[in-house]
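Here are my notes on the model, in numbered points. Please read them with the structure open.

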Amino acid sequence: MSTWFQDHIARLQGYVPGEQPRVSGLIKLNTNENPYPPSPRVAEAIREALDGRLRLYPDPLATTFLTAVAKLHNVPPEMVLAGNGSDDLLTIMTRAFVGAGEIAVFPNPSYILYRTLIELQGGVPVAIPFDSHWRLDPRGFAARKPKLAFLANPNSPSGTALAPDLVGEIASNVDCPLVVDEAYVTFANNDCTSLLATHRNVIILRTLSKDYALAGLRLGYLIAAPEVVEGLIKVKDSYNCDTLSLLGGVAAVEDQAHLLANRAKLLATRARLRAAVLELGYECPESQANFVWCTGGPDATSVANQLRERKLLVRLMRYPGFADGLRITVGTDEQIDCLLEALREIVQR
Ligand SMILES: *Cc1c(COP(=O)(O)O)cnc(C)c1O
C-alpha cells in the first residue's frame, strides 16, 4: 500500500503531537494548554449561534473575526487572515512558498512541525542551531538562501525569545517571507508586530489556543502585507474556519481583560515553578512563555515515566545533538504544587 504514496510522503515520519490522554484524573502539563477557562463570553457567543446559521456555509473570509483582530492590532483588515488553528496557516504558507527541492529554514531546537510541513511539500528542511544561550546568528537563515523562514518567538521548547531588533535584522537579511510564530507572545516581554511597518516580508502568526485557552476551538490568524494575504487566500480552503469558532474567536479577542487577568496568574506561577526546578538542580532558561524547559537533571525519560506513574504528564523532548529535556506547562498553582512534590521525590531519591 505504501507504493500508492508519493516517495516523499512514504518516507515521512509524520508529526506526533503531545499525548491527549483518554483516561481522566491526569494532571496535564505536556501541551501548553491554558489551565484556566476561556472568557465566558465565548460559550455565550457559540450558544447564541446554534440556530439556522449552521445550515449555511461560514463567511469564507471570516470578516467579523478579521475586523475584531484588525482593531486589536490597529492594522487594516486586509492585513489579516484567519486559520483553523495556526497550524493551518503554517500549512497554507508552506504550500504557497516552498516547492519541491527548495530550501526552507527554521531554528533548532524549535517547533518540530515546521520540518514536517516542509517535507510534505517535498522541500528541503534546513535547521539552524541556536547557540548554547539560545541566541541565533542573524545571518544564519540568509546564508542558506531559503524560500521561507520560520521563527517561533518565544521559542518552544526553550521559552526564550529573541529581541524584536534582532528579528528585524533576520528579516532584512533574508530574501523571502519570515514567519514570526508568536504562539506564546502574550507571556513575553515584547512582540514583533512593529516590524510589519518596516519589513514587508514579516508575517506575524498568532493562535488562540494557548493564551486565550481555546485549543479545542481551532482558531489562529496571521498579519502580513495585504498582497501576501491576497496570495494566501488563493491557497487556503474556502471554508477553513467554521461559524462557531469564528464567533467564539470574536468574543475571545474582545475580552482582553480576561486574557490579562489569566496572564498575570500564569506569570506568577511560572516564576515559582522556575525557581523550584532551579533549586532541584535543573538548568532552566528564563521563560517568556507558558512553560519552562528543564535540562541537566537525572535521565529525562526516566523522570517523565515516573511522573506519568504519578498521573503527571509533562513533555519529554529529544533533539539530536542537544540534551534531552522536560518541557513543563505552567498549570494552576495547585497543579504545579503536585508536580513539584513529585519531582522533588523523584529527583532527590
Ligand atoms: C501550539 C503552537 C502552534 C499551534 O497552534 P494551533 O493554533 O493550536 O494550531 C504553533 N506554533 C507554535 C510554536 C506552537 O507552540
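Predicted model: local features only at pLDDT ≥ 70, side-chain atom pairs only at ≥ 80, totals over all residues.

1. Where is Pro157 found? Pro157 sits in the loop between E5 and H7.

2. Ser156 and Pro157 are joined by a cis peptide bond, with omega about 15°. Pro154 also has its place in the loop between strand E5 (148–152) and helix H7 (164–173). The peptide bond from Asn153 to Pro154 is cis, and its omega is near -5°. Most peptide bonds are trans.

3. Lys145 lies in the loop between helix H6 (140–143) and E5. Most residues other than glycine have a negative phi.

4. Now the ligand. Its surroundings include Gly85, Ser86, Asp87, Tyr111, Thr207 and Arg218. By class, the shell holds four charged, four polar and three nonpolar residues.

5. An N or O atom in the side chain of Asp181 is 2.6 Å from a nitrogen atom of the ligand. Ser209 places a polar side-chain atom 2.6 Å from a ligand oxygen atom. For Lys210, a polar side-chain atom lies 3.0 Å from an oxygen atom of the ligand. On its own, the ligand has 380 Å² of accessible area, and the protein covers 93% of that.

6. Last, a helix pair. H11 (residues 300–309) packs against H12 (residues 333–347) at an angle of about 130°, with the axes 10 Å apart. H11 is therefore oblique to H12. Their crossing is right-handed.

Note on methods: Residues numbered from 1 in each chain as written. Heavy atoms only, no water. Near = heavy atom within 4 Å. Polar contact = N/O pair within 3.5 Å; in protein donor to acceptor, adjacent residues only side chain to side chain. Areas by Shrake-Rupley, 256 points an atom, 1.4 Å probe, with all protein chains shown as cover. Nonpolar A, V, L, I, M, F, W, Y, C, P; charged D, E, K, R; others polar. Axes fitted to C-alpha atoms, helices over the stretch in contact; angles between N-to-C directions. Helix = DSSP H or I, 4+ residues; strand = E, 2+ residues; numbered from the N terminus. Parallel < 35°, antiparallel > 145°, perpendicular 65-115°, else oblique. Left-handed = near helix turned anticlockwise from the far one by under 90°.
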